[in-house]
Structure formats: C-alpha cells, structure tokens
Amino acid sequence: MSNTVTTAVPAAQEPMKFKKPSQVKEIWRRFRKNKGSMVGLILLAFIVLVLIFADFIVPYEDGIVQNLALKNQAPSAEHWFGLDSYGRDLFSRVIHGGRTSLGVAVLATISSCIVGSALGAIAGYFGGKVDMIIMRGLDIFMSVPDILFTMAVVVAMGTTFANLIFALTLAYFTNYVRLVRSQILSLSEVEYVEAARAGGSGSARIIISHILPNAMGVIIINTTLNVAKIILYESTLGFLGLGMPPPAPEWGLIISEAREFMRTAPHILLFPALAIVLTACSVNLVGDGLRDAMDPHLKS
Amino acid sequence: MYRYIVKRILFLIPTILGVAFIIYFVLNLTPGNPGRSILGANASQEAVDQLNEELGYNDPLLVKYVNYMKKLVLEGDFGTSYFTKQPVMNEVLPRFWVTLQLSIIGIIISTLVGVPLGMLTAVKQYSAWDYIPSILAFLLAAIPSFVLGMVLLLVFSLKLNLLPSYGLDTWDAYIMPSLCMAIPITAFNVRFTKSSMLESIRADYIDTARAKGATERTVIWKHALKNALLPVITNIGLNMGGLIMGAVVSERLFSVPGIGALIVDRINYKDEPVIIAGTIVISITFTIIMLIVDIIYAYVDPRIKAKYTRIKG
Amino acid sequence: MKRIIALSLALVMIVALAACGQKSGGADSDTLILRAETAFTTLDPANSNNTHDIILYDQVYDGLYGLDEAHGGYYNELAEEVVANEDSTQYTVTLKDGIKFANGEPVTAQDCVFTYERAFQNANMNYLVSMIDNVEAPDEKTFVINLKYPYAPIAHTLFRVKIVSEKEVTEQGDKFGTIPNTAGAGPYIIDEFDIATGCKLIANENYYEGAPDIKKVEYRVYSDPAAAVIAFENGELDFYDQAALSDWESLKAAAGDNNAMVTGNNITWLGINYASPTNNNILGNDLVRKAIFYAINKENVNLAVCEGYGRTATTYMVPEFVPTQPTEGFETYDYNVEKAKELLAQAGYPDGADIGTILTSTSANSSKSAQVVQNELAQIGLTCQVQTLDVSAVVERTIVQDYDLTVYGDSGNYDFNNIRQQVHSESVGMYIIDFTLNDKFDWERIEYLVEAGAATADMEERMTYYNELWAMIMDTATMLPLINRPVAIVWSDRIDIGDPVPTYYKIKNFSWVDSAE
C-alpha cells in the first residue's frame with residue numbers, strides 16, 4: 001500500500017555492473033543454481049504463456065456473457081472454476097482478467113521506473129539546487145497518501161487501462177527516485193565517469209551511457225519486486241471499487257464482487273485470490289533469485 | 001544533530017503548504033461538488049449553487065488555498081466540514097488516534113515477530129528453521145491484505161466466534177484489524193531481515209572476526225546483528241508510515257473508525273477541509289516518524305551521527 | 001541492541017496504556033443494538049435527507065404526522081387534528097394536549113412556526129416546503145400553514161419536518177446538530193453522539209405516550225455488509241434491517257422465526273435520454289428505445305440484484321404503498337427478444353448499433369442493474385459502456401442531460417403526486433428525462449395532469465388524471481421500471497418488533513420479550 005522505499009537492496013552497496021554479455025551469462029549460471037527461483041521462473045513463464053494464449057484456451061465471451069439462472073454455480077467439468085454471481089465462466093474471467101491485471105502491473109512498473117529513474121538521475125547527477133528541489137518536492141509528494149492520488153485520478157479521469165497505469169505510476173515512481181539518486185551519487189565519483197566528463201561529454205550523455213547502465217542491476221531487482229507489489233495494490237484498488245469498468249474482468253474486481261458471496265460461493269473468491277498469490281509469489285521468487293545472482297556477496 | 005532535527009521540523013511548513021495545495025489541485029479535477037452531495041438529488045440547482053457559494057467551494061483554486069492557509073496560520077483553524085458541519089479536528093483527531101494505535105500495534109507485532117524470525121532463517125540457513133518461516137513469509141507476502149482480512153473475519157469471528165467483528169470497544173477487538181495490517185509487513189520483515197543478515201554475516205569483517213577465533217554466537221550477535229539491523233530500522237519507520245496510510249482496507253473490513261476510511265469516504269463528498277486536515281495530520285506523523293528513525297539510526301551507528309553535521313537534511 | 005529492546009518495551013507500554021485508557025464495555029445486556037450502515041452525519045433533522053439519518057430522527061423528533069408503513073399511511077403524531085380549507089391552500093393544525101419536548105418544555109405552536117421557518121432557510125428542506133407561503137401561530141395550540149397554490153398531498157411534509165424546541169435550538173446555536181440535545185418531542189433522547197462510530201439513545205421519560213419499553217439503544221456503524229451479517233449471527237446485533245440478501249438463507253437460519261421479508265418502497269429504473277446526440281441521436285428513434293425496453297429481462301435484474309427475492313416492476317410506485325398508483329391500462333414492455341430484434345430491424349439497425357454509455361451510481365443496486373442491462377442489450381446487438389460515478393456526480397450529469405442511458409432508483413414514495421419530481425419540468429434532480437426537448441412529447445399535457453392530480457383530494461378524479469398520465473409516460477418509451485427490491489429484516493430472540501416495516505421502524509414499538517422478569 002505504501003509508496004515508501006522498501007527496497008531489498010541496502011543502500012550502501014557497491015554498484016553492480018550489468019554490462020557485458022559474459023556477466024549476463026554468469027548471472028544466469030548463478031540464477032539457474034537457485035532451485036526456488038527456477039521454480040518461480042517456470043511458474044511465471046507458465047502464467048505469462050497462459051495469459052498470452054488466453055484466447056486459444058477459453059473464449060473471452062465466456063467470461064462476459066451472463067447466465068443469471070446459473071449464478072454462483074460451483075466448479076464442474078464444464079466450468080472448471082465455476083460461475084460467478086452473474087453466471088459468467090470464472091475460468092475465463094480469471095485468465096482474461098490476468099491479462100489486464102498483469103498488463104497494468106508490468107506497464108505501471110516500467111513507467112514508474114522510467115519516470116522515477118529519470119528524476120533520480122537528474123537529482124543525483126546535477127546535485128545542488130536541482131537536487132534539493134526534486135528531493136524536497138518528493139518528500140512532500142510522499143507524505144500525501146498514495147491512495148488519495150490514485151482515487152483522484154481514477155475518479156476524475158475514469159477507469160481505463162491507461163488511467164490505471166498513470167495512477168499506479170504516481171503511487172510508485174517515488175521508490176526509484178531515491179534509489180537511482182543514491183546510486184548516481186556513489187557512481188558520479190567513479191573514475192570512468194570523471195574521465196567521460198573530462199572528455200567533454202554532455203551531461204545527458206554521461207547519465208545515459210555511463211551511469212544508468214551501471215545502476216541497472218539495482219533497478220532491475222527493484223523493478224521485479226515492485227511488480228508483485230503493484231499487483232497487490234491494484235487488486236486493492238479493485239476491492240475499493242476503483243478497478244476497470246464492467247464487464248471487463250480483472251482480479252481485484254472479481255474478488256470484490258466475490259466478497260458478497262464469500263460464504264455461499266467461496267469459489268468465486270478462491271480462484272482469483274489463488275491467481276494473485278501464485279503470480280505475486282513467482283514474481284518475488286524470480287526477483288529474489290535475480291538479486292542473489294547479481295550480488296555474489298549473498299551466495300556462498 | 002540538533003540543527004538537523006530543527007531543520008527537519010521546520011521543513012514541515014513547506015510540507016503542509018505543499019500537501020494542502022496538492023489536495024486542492026487533485027480534488028479540483030474530480031467531478032461533483034459538495035453542495036449536490038449534501039443536498040441530494042431533490043434540491044434545486046439554485047440551492048446547490050447557493051450552498052457551494054456559502055461553503056466557499058466556488059472560489060478559484062488559489063483563492064481557496066490562500067484563504068484556507070490564512071485561517072490555518074492566523075487562527076489555527078482547520079475549518080469546518082462541509083458535510084457534517086463539525087470542526088474538522090473533532091472528526092480527524094479521534095480517528096487518527098484510532099489508526100495510530102492500530103499502526104503501532106501492527107508495527108510492534110511485525111517487528112517482534114518478523115525481525116527475530118528473519119534472523120533465525122538467516123542464521124539457520126538451509127534448515128527447517130529457514131525453510132518453513134521463509135516459505136510462510138513468501139506466501140503471506142503475496143496475499144492481498146483484504147483477502148487476508150476476509151479470511152480472518154470468517155475464521156475468528158464467524159466460525160470460531162472468538163473475536164468481535166466490530167469496532168474497538170474491547171481490547172480483543174484490536175486483534176484482527178491490527179493482525180490484518182501486521183501480517184503482510186511481518187512477512188516482509190522476515191524476508192528483509194533475512195537478506196540483510198545474510199549479507200552482513202558474509203561481510204569481510206565478519207570473516208576477520210571469525211578468523212580471530214570468536215565463537216559463531218559472538219560473531220552473529222555482536223558483529224553481524226548490529227550491521228544488519230540498520231536497514232531493518234529504516235524499514236520499520238517506513239512501514240509505519242505505510243501502515244497509517246494503508247490502513248483503509250482493514251478499517252473498512254472491521255468497521256473501525258480510522259482516518260484512512262474517513263478520507264476515502266469524504267472524497268466522494270468533496271469534503272475538502274476534512275481531507276486536507278486528515279492528510280496534513282498524516283504527513284506530519286510521517287515526517288516525525290522518519291525523523292525518529294533517523295535519530296535512532298544515529299544512536300545505533302555513531303558514524304552516521306557524524307555525517308549529519310555535513311550532509312544537508 | 002539494548003536500546004532497541006528498551007525502546008520496543010516502551011512502545012508496548014504506551015500502547016497498553018492507550019488500550020486501557022479506552023472506554024471499555026461491549027453490549028450491555030439491557031441495551032438494544034442496531035446496525036447503522038454509515039455514521040450519522042448530523043443530529044439536526046433539517047440538515048439531512050438521507051433515509052438513514054431520517055430513521056434516527058424518527059426515534060428522537062416527532063413530527064406533526066407520523067408514518068406507519070405497516071398499516072397504510074400517515075397518522076397524527078404531535079397533531080391532534082389537521083383541517084384543510086376548501087381549495088387546499090390553508091391547513092390548520094391543532095396540537096395535542098400535554099405534549100412536551102425531552103427537555104420538559106411544552107410543545108407550542110410557536111415552536112412549529114420556528115421549525116418551519118428554519119426549514120424555509122434550509123435548502124435540504126426545499127422540496128418539502130417550497131409550496132408553503134407562510135406559517136403562523138394564532139395561539140399556543142393552533143398552527144396555520146398557508147400555501148402558495150392548492151396542494152393536497154401535504155402529509156409527507158408534515159411527517160418529514162420534525163418539530164424542534166425553539167428555546168434549545170436557539171441556545172445551542174451553531175452547535176445544534178453536532179452535539180446531543182433534548183430538543184425533540186420523540187420517544188428517545190440522543191445521549192451520546194460520535195461522528196464516527198454511531199450514537200446511543202435513552203428513553204425520553206417525558207414522552208407523551210409514556211416512556212418506551214426499551215430504555216437504552218445503541219446504533220453501531222458496520223459499514224461492511226459481510227461484517228454486519230457475521231455480527232448478527234454472532235449475537236452482537238439485535239436488529240438488522242436492509243439485510244444482505246446474498247446471505248439471507250444463513251441469516252434466516254440464525255434468526256429462527258425472527259425474520260421477515262417485506263415489500264420495499266423502491267423502484268429501480270432505466271432511463272433513456274431521447275435527445276442524446278450519441279450515434280446520430282439513435283436514442284431519438286422511438287423504435288430503438290422500444291427495442292431496448294423489450295430486450296430487458298427484468299427477472300435477470302432481480303436475480304443479480306436481489307437473488308430473485310425481488311419483484312419485477314411495471315409501475316411508477318409500489319402499489320402497496322400508493323393507493324393512487326395506476327395498475328393497468330398502460331404499456332408494460334414485457335420481455336420479448338424477438339419483438340426487440342424486429343423493432344431494431346425496422347428502425348434500420350438489423351445488425352445492432354452502439355448506443356453510448358449507461359451512467360449510474362456506484363451503489364451495488366444500480367451498478368449491478370446496469371451490468372445486467374448492458375448484457376441484455378448485447379443480446380440484440382446493442383453495445384454500450386457502463387460508467388459508475390458517485391451518486392452526486394451522476395445527478396449533476398443528468399440535470400444537464402449529459403448522458404445516454406441511466407439506471408437510477410426512486411424510493412420512499414407514498415403518494416402518486418410524487419411523480420411530479422420525475423415528469424414535471426419545474427422539478428429538479430429527479431427530472432431525469434426532460435420531456436420538453438425537441439417538441440417530441442406533449443409535455444404540457446403531462447404537466448397539466450400532474451397539477452390537476454395534486455389540486456384535488458377526490459380519489460376518483462385523481463385516478464382518471466393519473467391513469468392518463470402514466471399511460472402517456474410509458475408510451476414515450478423513455479423510462480422503464482425494472483424491479484422492486486424487498487427489505488429483509490432479522491432480529492434477535494430477546495425482542496419483539498411488532499409489525500415489520502420496510503423503512504421507518506419505530507423503536508418505541510419494540511419490546512423486550514422477557515421484560516416482565
């Protein structure tokens with residue numbers, strides 16, 4: 001729920017390099033050795049595949065067309081996950097809903113990463129007044145509860161795919177500003193950056209071609225772990241009635257619709273909740289694996 | 001150090017100014033107006049316009065903002081709720097107190113359970129003491145808090161009839177809402193403490209200590225723990241801020257009159273004074289908590305204390 | 001490390017102290033506990049139109065009239081008798097003898113004048129008192145209401161305007177409504193009022209009918225329906241009305257014989273803006289609107305919204321509550337997909353079309369109904385979006401006719417004259433279909449019929465006007481009644497609630513089952 005920095009990477013860490021192909025290979029080698037992370041990766045790959053090929057697995061219409069006479073029907077051979085409170089196929093809703101939920105989560109993570117990293121890079125690189133303005137602004141921004149921003153955006157502009165991404169970006173970009181700034185601060189004193197600066201390269205060029213690639217490791221790990229958080233936060237929005245407009249399925253929305261029937265038809269709650277837990281778990285496993293693989297300190 | 005603290009506290013002023021502006025701006029974007037919300041569908045448009053005028057809602061954004069700030073600074077008056085006609089602090093403070101209590105309980109549970117468990121998993125890595133808490137933490141961190149709350153409600157209130165489902169009248173009523181808030185953070189603390197501990201256990205100076213012949217116990221308790229706890233403390237502070245802001249879910253589920261639910265409810269009524277005052281109170285708390293964290297941090301690690309004299313807050 | 005432990009311990013102690021400092025005390029065994037869905041916003045009966053608040057006011061402040069839904073209508077509360085003059089432009093109210101406010105002061109005609117004049121100043125009350133020209137108190141017991149124009153159905157105003165003590169309201173000044181008071185003449189007094197958690201009532205020992213049997217009452221806010229259901233089943237609630245229908249079976253099982261499902265006084269509507277520019281004013285086409293109406297299976301709305309416990313509706317108001325509601329002789333658009341498709345083809349859209357957006361409020365009833373309508377229309381090829389907004393934002397949009405279709409609710413109607421709010425252009429808010437646009441409908445005739453019906457007290461004459469009016473409205477194919485939701489009530493076995501009513505229950509009619517012991 002919070003937009004606070006909860007990075008799993010201690011700030012005082014050495015910058016991790018993420019540049020040469022040989023390094024990628026090395027990381028992959030270490031990642032592969034981690035059983036938990038491989039399970040996560042396989043699970044995640046499976047989920048992503050299912051979502052990509054959702055249309056071949058079960059038609060979207062099954063999750064849209066109502067059949068109220070059969071409302072809340074329990075799982076059966078015909079409807080694996082049963083029917084929801086409008087008599088719609090829950091299997092189809094969960095699978096197609098995942099497209100929205102995961103899609104929004106991934107895109108929101110990327111956009112908050114881009115916005116936050118850019119601001120953080122600018123603040124860290126230029127320092128002085130620029131840094132002060134950005135960081136103080138950020139402090140103020142962070143002390144406004146993010147649920148307020150999110151609600152306001154969604155209420156004012158309507159719940160569309162793009163607006164949800166915008167709202168979630170507002171709530172999550174702050175993480176990256178601090179993270180990237182601290183990375184930049186420790187990197188800008190590094191020799192090759194000084195050398196580039198002496199060589200007359202422009203600021204933007206130095207940031208993009210020298211500093212950011214070196215801060216990449218930390219950013220990637222954080223991004224992975226953020227996806228899971230955004231999935232949870234997004235489902236909370238659905239629960240508070242701020243999800244996508246009906247009848248489009250979405251995990252949080254399905255769960256909030258299920259709440260009324262949690263005692264009479266618990267299956268409506270169970271399956272989307274399982275989907276969220278599985279996805280968030282697998283993303284977290286992969287994130288942890290990446291962190292361990294990129295940071296040899298942690299692995300014996 | 002004192003200069004730093006004073007500076008941080010002074011920064012509350014621009015924070016309050018900024019927060020109030022952001023809220024006026026954001027609410028300006030949302031549809032609806034308080035006059036219509038209060039009077040309902042049957043009221044005439046003239047009556048609605050008149051009420052909005054009386055409330056000062058129709059003034060331009062900047063005028064509203066300046067007027068509000070003037071009143072706040074000169075008279076210490078946070079305004080009157082558009083909706084209930086109550087002075088806003090009458091509504092905000094009791095509810096804030098409720099949320100603060102729950103958050104503190106939540107933070108204590110999550111720290112007292114999460115941090116030691118995290119240490120245990122790190123120290124006993126690759127054993128059952130590692131796997132079971134780690135996996136549990138993993139699963140719990142992936143469950144949305146409202147699902148967790150619903151399950152708690154079903155199990156403890158309905159099936160077992162152990163805990164009241166309502167409000168905060170008795171001490172046991174605090175259990176479920178604070179658990180609902182604490183569990184995700186506990187899970188997070190386990191994971192975070194574990195990685196922080198692991199890193200610190202493997203750091204060079206620990207190897208040195210080992211090489212010097214210190215027992216494993218001394219190494220872990222004396223050297224590794226102290227270093228591992230620094231990031232953990234920062235996180236506890238941040239969690240606290242997050243808890244206060246994110247309490248709305250458990251407040252809704254357990255019918256707890258907290259500040260999160262108040263703010264969210266009043267957004268629909270565009271009850272600007274209440275939303276602004278509520279947010280200001282939260283921001284001040286957030287700032288103070290972060291300040292306390294910094295101070296604790298400095299106590300635990302004197303190196304940082306020295307740094308504050310150099311770094312601008 | 002030690003410092004940290006010490007710090008944590010200190011925190012624990014602070015919290016422990018804080019927890020002890022809280023006033024303890026769950027439900028006293030002699031306190032009746034009721035559920036409030038949201039917190040009460042104000043104790044000033046002139047400041048709120050929420051049904052939820054009005055139910056509370058009904059326990060605390062008496063009006064000139066009371067409303068008894070179980071036995072058909074209004075009865076004298078503070079009024080001994082109400083006499084209308086010949087053309088219904090003046091009402092003379094004689095007050096009962098010996099009536100007192102909770103503070104012990106007698107209720108006088110001067111208090112009534114004060115109360116009504118207060119209402120004139122308050123926009124909340126505007127729709128109740130706008131036809132009143134002035135009020136006067138010729139003597140202590142006589143209160144006279146002079147109207148601007150003939151107006152027969154004044155009973156609802158007499159019920160809704162709750163008489164308050166001039167002395168006490170003046171004394172409390174701006175604070176009135178935000179703190180407990182004894183300014184009402186009802187059976188209960190508000191003893192404690194908490195803006196967040198609810199309020200506590202105690203019996204008014206000065207009540208003119210004698211103090212009620214149940215002496216202590218507490219309203220608790222359970223905002224979440226699931227929590228309310230659990231609370232009732234756990235025995236934390238004595239009375240739970242408007243209960244969640246999705247859990248009705250288990251609530252019934254928990255309540256034993258103490259359950260009732262009664263007809264609710266509400267209708268959920270679908271309205272179509274025939275002047276909407278969307279898709280070249282497709283909704284201006286009479287055939288398209290009729291096709292929409294025929295395509296909707298109201299039974300599905302009933303299943304989605306009320307689990308099938310409700311009733312499909314064809315009338316403006318619920319006939320049980322409104323004797324002047326016409327019940328036959330008008331088009332009802334019974335579900336007929338074939339006919340709908342045929343009409344659509346005739347209109348020139350055999351393959352369907354886009355008809356814009358269904359605008360509705362975020363309330364569960366409305367948004368569920370809208371989703372079903374969306375699905376039903378898709379069956380005949382008409383596609384639309386559903387947009388849910390807070391109810392006040394929806395009203396702002398419908399007032400300026402900025403919508404295509406809308407699902408809305410109308411409730412609490414006790415006289416057919418109330419149709420004025422939906423079909424008369426001088427009305428506001430509920431005037432969702434603007435019949436005056438594009439010279440399409442004979443709106444002057446509609447408004448004449450509304451006024452003619454309100455000007456006479458003769459039942460038969462009124463019925464002729466209303467029959468014609470309602471048939472005309474349904475022929476416009478602009479507003480369609482969908483369903484009538486029932487009200488489910490459960491109560492604990494330690495109380496007797498008398499006859500269950502859908503909305504305005506009176507706690508004074510409740511009693512302890514074992515009160516003799």
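Two residues are in contact here if their C-beta atoms, placed from the backbone, lie within 7 Å. The structure is a predicted model, in which local features need pLDDT of at least 70 and side-chain atom pairs count only at pLDDT 80 or more, while totals for chains, interfaces and linings use all residues. Residues are numbered from 1 along each chain as its sequence is written, and chains are lettered from A and ligands numbered from 1 in the order in which they are written.

In chain B, among contacts between residues at least 6 apart in sequence, 72% join residues at least 24 apart. The secondary structure of chain B consists of 15 helices and zero strands, where helices (H or I, at least four residues) and strands (E, at least two) are DSSP runs numbered from the N terminus. The C-alpha trace of chain B spans about 85 × 60 × 30 Å along its principal axes. Of the 313 residues in chain B, 54% are buried, a residue being buried if 20 or more other C-beta atoms, placed from the backbone, lie within 10 Å of its own.

Chain B meets chain A through 44 residues, which are in contact with 37 residues of chain A. On the chain A side, the elements that give two or more residues include helix H5 (128-142), helix H6 (146-157) and helix H9 (203-239), and the largest share, eight residues, comes from H6(A).

The largest nonpolar core has 343 residues, and Phe149(A), Leu32(C) and Ala227(C) are among those with the most contacts inside it; such a core is a set of buried Ala, Val, Leu, Ile, Met, Phe, Trp, Tyr and Cys residues joined through C-beta atoms within 7 Å. H9(A) gives the most to this core, with 16 residues. Leaving aside residues up to four places away in sequence, Phe149(A) touches Val144(A), Ala167(A), Leu170(A), Ala171(A) and Val26(B).

Chain C holds an open sheet of four strands in the order E4-E5-E7-E6, with antiparallel pairing, two strands being paired if DSSP finds at least two bridges between them. Strand E4 (79-84) and strand E6 (132-139) of chain C stand at the edges with a single partner strand each, so one side of each is left without a neighbour in the sheet. E6(C) is joined by five bridges to the antiparallel strand E7 (residues 142-147) of chain C, and Val135(C) stands opposite Ile145(C) in E7(C). Helix H3 (residues 109-120) of chain C packs on the sheet, touching strand E5 (90-95), E6 and E7 of chain C.

Key
Buried ≥ 20, exposed ≤ 12 C-beta atoms within 10 Å, placed from the backbone. Axes fitted to C-alpha atoms, helices over the stretch in contact; angles between N-to-C directions.
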